[in-house]
Amino acid sequence: MMADYTVRDQVAVIELDNPPVNALGSAVRAGIYDGIRKADRDPNIKAVVICGKRGTFCAGADIREFDGGKNGPWITDIGDFIDNMKKPVVAAIEGFALGGGLEVALFCHYRIALKTVRVGQPEVQIGLLPGGGGTIRLPRATGLKNALDIITTGNHVPAEKAAKMGIIDQIVTGDIIEEGIKFVKSKCNIDTSLVCLRMKTVKYSGDLDDISEAAMTKVKSKFKGAIAPIVCVKSVINSAKMPYEKGIDTEKEHFQDLRHSSQSKAMRYAFFAERAITRWQLPSGGNYKTAKPLPVKTSGVIGAGTMGGGIALCLITSGIPCILVEQNQQFLDKGLEIVKAQLMRTVQLGKLSTEQAKKCFTMLKPTTNIEDLKNVDLVIEAVYEDLKLKREIFEKLDRICKSETILCTNTSSLHIDSIATATKRQSKVVGTHFFAPSYIMKLLENIYGTKTSAETVATVMKLGKTIKKVPVLVGSCTGFVANRMLKPYSEEAQYCLEEGSTPSIVDTVLMDFGMPIGNFQVSDLSGLDIGFRIKREAARKAGVELSKNSRFFLGQRNCGLIEKLYEAGRMGKKNGKGWYKYESLNGKPIVDPEVTMLIEEHCRSLGIERRNIGSQEILERMQYAMINEGFKILEEGLCTMAEEIDVIWIYGFSWPKYMGGPMYYASQIGLKKIYEKVCYYHKTFPYSMHWVPSSLLAKLSQIDLPLSEWGDVAQGRKLVNKL
Ligand code: 3H9
């Protein structure tokens with residue numbers, strides 16, 4: 001049994017014991033159930049303490065068991081037994097009490113916790129609802145509104161706030177088991193049956209329909225397309241509308257439906273993918289187990305633009321002092337204003353208090369003297385994408401900084417070696433690609449160069465976590481993983497325009513699929529001038545003309561629409577005119593007949609006959625082209641597992657988690673079908689190199705292997721011809 005039973009001073013102590021987080025697998029549930037029945041039977045036992053080993057109470061049900069058919073007592077069976085006990089039962093909480101863990105605690109007559117504890121019902125984040133009485137009992141402890149908030153967001157609640165809400169009865173200090181015993185003994189003479197009845201019989205006031213409608217509207221707009229938040233609202237409202245037992249039974253039915261849903265399966269995959277990517281390894285052999293991160297106690301950022309300012313903000317709000325460098329006072333002042341404005345916004349959103357924000361700001365040291373960086377542990381260069389400039393900066397940093405300093409470049413496309421070779425410390429140079437807006441977006445694409453050491457990688461992977469990002473390690477190539485995959489995706493969107501579609505049709509198809517924002521809306525946000533400059537730079541490097549009227553560029557299919565829009569003065573949202581028009585900077589995209597005319601004129605001038613393109617074709621072309629690129633990335637060893645690609649799309653481009661990421665999506669469609677379609681489009685569009693089928697995709701389409709093994713096949717750790 002995975003719950004220890006001991007007796008101390010006539011109190012039974014049941015300790016959950018399932019490393020690493022005491023997840024409530026069937027054996028643990030059986031252990032608790034046996035323990036409380038034993039305590040109840042034993043006349044020498046006066047009370048019970050339930051707690052967890054290894055400094056944490058419990059992180060909820062064992063998510064790994066959801067795919068199999070393991071049984072054992074349900075949480076509500078354990079709970080009903082506790083409810084009917086005459087001996088008081090206290091949950092003594094340290095670390096986390098999440099999901100089923102909090103549900104078990106809510107069935108206990110009392111809950112005490114250390115101040116550092118966090119509680120929550122995060123089930124919604126894996127496409128579920130709390131299925132062990134959480135939606136029925138939590139509202140009885142906190143009131144409907146708080147419970148709706150906790151259950152539909154899945155956010156953790158710190159102990160003191162939880163105590164104010166009625167979840168925790170007492171905050172304690174010291175040894176949690178000793179405190180539990182002391183607490184529960186003080187309750188021995190109270191009739192506990194009355195205490196537990198309190199939970200069952202609580203009645204609600206207020207207009208339930210209004211509360212329900214407001215909550216539904218909120219979750220439908222905040223979690224567009226996700227089913228679980230909607231079911232969570234329904235079940236919490238049931239707690240007020242239905243008799244207690246009926247509410248519990250209905251909750252269990254909802255839980256089982258969601259457990260088998262494709263959305264929950266995808267989100268459970270994403271949960272484990274996020275953990276799998278922390279087990280990184282370098283081709284040279286260094287890995288997450290052996291490499292020790294260096295401490296980063298001080299930092300520097302070069303460039304106080306929106307990117308650099310946002311990065312500096314990430315550092316100072318995580319408690320890492322930062323020296324912010326700009327080339328002149330004017331730029332520096334402008335950058336500081338941006339940082340201040342972002343900090344203010346954080347305060348307005350309630351994420352920081354005014355005091356905390358002020359304290360953070362004192363950790364920022366603005367300067368125009370790059371020499372001030374000489375003693376920092378790590379520098380992130382965030383100037384614009386110009387190789388010559390970046391090399392100059394790295395050459396200078398190499399001279400100025402102490403020998404231990406790690407030098408990071410926030411590049412979105414340049415090879416790391418092309419920058420690292422400007423220094424004599426290539427092992428300490430690494431790419432840290434932030435996504436705009438850098439303070440908000442969670443993805444941090446860390447890129448190793450040929451000579452980057454495992455220690456350097458370990459340091460930036462740890463730093464990513466410290467500044468609350470999701471760090472993913474990838475190899476260096478043009479555009480790295482994120483932008484390299486985005487390229488065919490966006491190109492296909494443009495080809496669809498010149499073949500007959502419109503920006504709003506393409507964007508609607510993507511948003512109906514679940515993307516929060518369409519491709520052309522994103523392009524307007526980043527600015528059409530960026531796309532234009534990238535293309536112009538590629539032409540310059542190749543020594544050729546960038547011709548907007550040619551259907552070919554560098555031997556490949558070309559769509560000159562970006563050039564034409566740029567020429568027509570359409571820069572994107574910043575000047576109110578891009579693929580759409582905008583009435584203000586915060587305005588919504590409006591279809592602009594001028595753009596439609598421009599596209600039609602473009603087609604006429606090139607003799608392209610426009611046709612109706614169905615939504616399935618638009619989706620397939622954008623997604624399969626990008627997925628094919630993903631397989632090439634695996635094939636080239638730039639990622640070691642498909643999970644890395646999925647996490648990049650979830651956190652870098654807001655791919656809906658309930659679709660698991662593009663590679664997971666491909667696994668659900670079936671690689672055979674994807675491969676056939678890629679071959680079909682390759683034949684149809686022979687001048688688009690991105691349709692050349694990946695040989696790994698070709699290989700995997702012939703066999704049925706789980707996604708978790710695709711990386712092994714790519715790297716020869718699994719030989720498919722021997723299967
Ligand atoms: C539920 O409770 C349903 C009920 O309402 C009804 C049921 C009847 N199961 O994240 P970390 C593993 S649904 C299995 O790196 P941290 C994790 O995979 C559940 N494994 O650490 C990793 O393994 P590995 C509702 C789990 O300190 C290791 O533990 N609960 C579970 O950064 C360390 O995890 C949740 O959704 C689990 N429940 O964060 C909570 N939890 O080393 C999910 C963790 O092999 N968990 N593991 O990669 C979390 O949010 C975080 O893990 C936690 C710790 C905050 C607890």
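Helices (H or I, at least four residues) and strands (E, at least two) are DSSP runs, numbered from the N terminus. The views below all come from a predicted model.

View 1. Strand β15 covers residues 429-434. Six of its six residues are buried. In a regular strand the side chains alternate between the two faces of the sheet. In β15, one side carries V429, G431 and H433. The other carries V430, T432 and F434. Both faces are covered. Strand β14 (residues 406-409) runs parallel to β15, and three bridges join them. Here C408 has V430 of β15 as its bridge partner. Strand β16 (residues 443-448) pairs with β15 in the antiparallel sense, over five bridges. In that pairing, T432 stands opposite N446 of β16.

View 2. K428 belongs to the loop between α17 (416-420) and β15. Is this lysine, K428, buried or exposed? K428 has a relative accessible area of 13% and is buried, because the cut-off for buried is under 20%. A second residue, L313, gives a distance for this view. K428 and L313 are 115 residues apart along the chain. Their C-alpha atoms are separated by 23 Å.

**View 3. The W74–F255 aromatic pair.** The whole structure holds 19 aromatic pairs. One of them joins W74 and F255. A pair of aromatic rings is described by the distance of the centres and the angle of the planes. W74 lies in the loop between β3 (47-52) and α2 (75-83), and F255 in helix α11 (residues 244-259). The pair therefore ties together parts that are 181 residues apart in sequence. W74 is buried at 18% relative accessible area. F255 is buried as well, at 6%.

**View 4. The Y269–Y664 aromatic pair.** The ring centres of Y269 and Y664 are 4.6 Å apart, with their planes at 20 degrees. The pair counts as stacked because planes under 30 degrees apart meet that cut-off. Y269 sits in helix α12 (residues 262-276) and Y664 in helix α27 (residues 662-669). The pair links distant parts of the chain, 395 residues apart. Y269 and Y664 are both buried.

**View 5. An aromatic cluster.** Which residues form one aromatic cluster? The members are F435, Y489, F513, W649, F653, W655 and Y665.

**View 6. Charges over tyrosine rings.** The charged end of R37 sits over the ring of Y33. The distance to the ring centre of Y33 is 4.0 Å. K677 lies over the face of Y680. Here the distance to the ring centre is 5.8 Å.

**View 7. Helices α5 and α9.** Two packed helices are described by the angle between their axes and the distance between the axes. Helix α5 spans residues 144-153, and helix α9 spans residues 208-222. Their axes come within 11 Å and cross at roughly 20 degrees. Angles under 35 degrees count as roughly parallel, so α5 and α9 are roughly parallel to each other. The crossing of α5 past α9 is right-handed.

**View 8. Two cis peptide bonds.** Most residues other than glycine have a negative phi, and most peptide bonds are trans. The bond that joins P19 and P20 is cis, with omega about 0 degrees. P20 belongs to the loop between β2 (11-16) and α1 (26-41). The bond from A436 to P437 is also cis, with omega near -10 degrees. P437 is in the loop between β15 and β16.

View 9. Q10 is a residue other than glycine, yet its phi is positive, near 65 degrees. Q10 lies in the loop between β1 (3-8) and β2. Its relative accessibility is 39%, and Q10 counts as partly exposed. S654 is not a glycine either, and its positive phi is about 55 degrees. S654 sits in the loop between α26 (642-652) and α27. At 30% relative accessibility, S654 is partly exposed.

Technical notes: Residues numbered from 1 in each chain as written. Predicted model: local features only at pLDDT ≥ 70, side-chain atom pairs only at ≥ 80, totals over all residues. Heavy atoms only, no water. Buried < 20%, exposed > 50% of the residue type's maximum accessible area, 1.4 Å probe, protein only. Pairing = 2+ DSSP bridges. Phe/Tyr/Trp six-rings, centres within 6.5 Å; stacked < 30°, edge-to-face > 60°. Lys NZ or Arg CZ within 6 Å of the ring centre and 35° of its normal. Axes fitted to C-alpha atoms, helices over the stretch in contact; angles between N-to-C directions. Parallel < 35°, antiparallel > 145°, perpendicular 65-115°, else oblique. Left-handed = near helix turned anticlockwise from the far one by under 90°.
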